[in-house]
Amino acid sequence: MREGLKQVLHLLRLPHRGSATPLEAEAFRRLRHFLQEEGYRVQALPFRGVRSYGWELLVISLLLGLAPLSPWPPLIGALAFLLYFSGIRPWGFLLDRYPSQNLLTWKGQGDKALLLMAHVDTAKTFFLYHPKRVRHFRTNFLLNATLALSAPLLALTFLAWPVGLYFLIQTTLLLLRELKAPYVKGGNDNASGVAVATALFLETEPPAAWRLGLALTGCEEVGALGAKALIPHLPQGTLVLNLDNVGRGELFYAEGEGMLLYVPYRGRLLEAARNTPGARPLRYRLAYFDTLPLAQRGFPCLSLIRLEQGVPPDWHWPTDTFARLDEEALEDTLRYARTLLQRVFHGVSS
């Protein structure tokens, strides 16, 4: 494995890098020092976030669980469910009280901008991510979404009690998660993406017309909060290449994403990916990337991810360790991403 990948992976070997936790802050301190030692001026962009998404989903589930009492709580719960899984958190100002940050650095002087992006933080585990269940994650989500969005109407029928009980059980499971579940180490999710993005940034000199940036984000696992905080610091029209879970499995490029509403990508990176052998196209509906809030605001985006049997390997499970990373997969992702950049920089279309 090339030295740049090894160095970054070594920096991220912490017990975890949970969103907005002191260990996430330590990971950022190490990465910033590393980039400064390499000669780059690094901006630390602070913001506030949450340490887990579970409390928000717990309250939403509790509202839906009150269906037997009145249709009004599940109506509020259904609206909150729709907003949350569309990337909108109007209540965020009440909850986002823990410090997190993004790191941002640039090289080159051109008018055009291309940004490499990867999230640093890791998530808590949950029983749905067990290797025997995780392949059904999308099916479980769609069932949950159907019941959640139907709950206000079901509250007026004989199904109010079964639906209420379902969501009250879910509330209890989420509470247990918040009280008991550990954060994962995050070798694949997403030390792999940080390592590839950083190594690619260090080795690439953009041509005269371009600037090349590197953004390492916090709080992706709790609503892409770092990416949202990053938006005011990006030049309009910046192309964004995101790397997430690229340490094992088959390589895909996402053509768009969205757990509920699908947001298609556009722009030169997507065109380059469609003309570059080595990765398959994917409509990513399993979860969200940091690219979601940027694509929603019109930034031309592309995300690279590796999957095994339709899901990221060791996704949000304690087996997501550095020992399980595939060096060849990391190197191959780096080669593919390098080719994409060269096609974009030099206008190669086929």
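1. A term to settle before the rest: a residue is called buried under 20% relative accessible area, exposed over 50%, and partly exposed in between. Please keep in mind that this is a predicted model.

2. Asp332 has a relative accessible area of 26%, so this residue is partly exposed. Its salt-bridge partner is Arg306, with the closest N and O atoms 2.7 Å apart. The two sit 26 residues apart, Arg306 in strand 9 and Asp332 in helix 12. Arg306 is buried, at 5% relative accessibility.

3. Do have a look at Asp314 and Arg248, whose closest N and O atoms are 2.8 Å apart in a salt bridge. Asp314 is in the loop between strand 9 and helix 12, and Arg248 in the loop between strand 5 and strand 6, so the pair ties together parts 66 residues apart in sequence. Asp314 counts as buried at 14%, and Arg248 is buried at 16%.

4. Glu205 and Lys107 form a salt bridge with a closest N to O separation of 3.5 Å. Here Glu205 is exposed, at 59%, whereas Lys107 is buried, at 6%.

5. The whole structure holds 17 salt bridges. Shared partners join Arg2, Glu203, Glu331 and Arg338 into one network.

6. How many cavities of 30 Å³ or more are there? The count is 3. The largest has a volume of about 110 Å³, and its lining includes Tyr84, Phe85, Arg89 and Lys228. That lining divides into 7 nonpolar, 3 polar and 2 charged residues.

Conventions
Residues numbered from 1 in each chain as written. Predicted model: local features only at pLDDT ≥ 70, side-chain atom pairs only at ≥ 80, totals over all residues. Heavy atoms only, no water. 1 Å grid on protein atoms, 1.4 Å probe; cavity = no way out; pocket = protein on both sides within 12 Å on 5 of 7 lines; lining within 4 Å. Points joined across faces, edges and corners; volume = space filled by probe spheres on them. Nonpolar A, V, L, I, M, F, W, Y, C, P; charged D, E, K, R; others polar. Salt bridge = Lys/Arg side-chain N within 4 Å of Asp/Glu carboxyl O. Buried < 20%, exposed > 50% of the residue type's maximum accessible area, 1.4 Å probe, protein only. Helix = DSSP H or I, 4+ residues; strand = E, 2+ residues; numbered from the N terminus.
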